[in-house]
Amino acid sequence: MARIKNIELPGEKHTCIGLTAIYGIGRNLALTICGDAKVEPTKKIKDLSEDEIARLRKEIDKYVVEGDLRRDVQMSIKNKMEINCYEGIRHKKGLPVRGQRTSRNAKTRKGKGKVVANKKKVGK
């Protein structure tokens, strides 16, 4: 198995698909990296030679991926929360940030339903 940026790439997958296991690399970027490193995108990762893996590593080092990218994203979110912009407020409240509806959906973002105490009705 190939190890790039401390990520074990799945050996049974094609190179262009296996590279997407690295945070920050999607299908398009994976194809670009394979082309620039002169590695066949349809070749299985387990069949790559050490030279090809080294070329892939060198090419991936040109991009911001994994830990650096995660840190950048978290710092961006934290900054928005500190300056109290609209997106920051939505992050603080745990609501969808990008304009989705919340009245009948957004269970993933809002989480389990919160119980609201209701007053007892006064009998006659």
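Here is a short chat about a predicted model and some of its residues.

Biologist: Great. Where is threonine 15 found?

Modeller: In helix H1, residues 15–18; helices here are DSSP runs (H or I, at least four residues), numbered from the N terminus.

Biologist: Buried or exposed?

Modeller: Threonine 15 counts as buried because its relative accessibility is 1%. Buried means under 20% relative accessible area, with a 1.4 Å probe and protein chains only.

Biologist: What lies 2.6 Å from a polar atom of its side chain?

Modeller: The backbone oxygen of lysine 43.

Biologist: Okay, on to H2. Which residues are buried there?

Modeller: Ala30, Ile33 and Cys34, in a helix that covers residues 27–36. They sit on the same side of H2, because their arc around the axis is only 100°, taken from the directions from the helix axis to the C-beta atoms.

Biologist: And what do the buried residues of H2 pack against?

Modeller: H1 and helix H3, which is 50–60. Contact means heavy atoms within 4.5 Å.

Biologist: Last one: which residues does isoleucine 22 touch?

Modeller: Not counting residues up to four places away in sequence, isoleucine 22 touches Ile4, Ile7, Leu9, Ile60, Val65 and Glu66.

Conventions. Residues are numbered from 1 along each chain as its sequence is written. This is a predicted model: local features need pLDDT of at least 70, side-chain atom pairs count only at pLDDT 80 or more; totals for chains, interfaces and linings use all residues. Side-chain values use heavy atoms; hydrogens and water are left out. Helices (H or I, at least four residues) and strands (E, at least two) are DSSP runs, numbered from the N terminus. Buried means under 20% relative accessible area, exposed over 50%, partly exposed in between (1.4 Å probe, protein chains only). A polar contact is a pair of N or O atoms within 3.5 Å; within protein, one must be able to donate a hydrogen and the other to accept it, and residues adjacent in sequence count only if both atoms are side-chain atoms.
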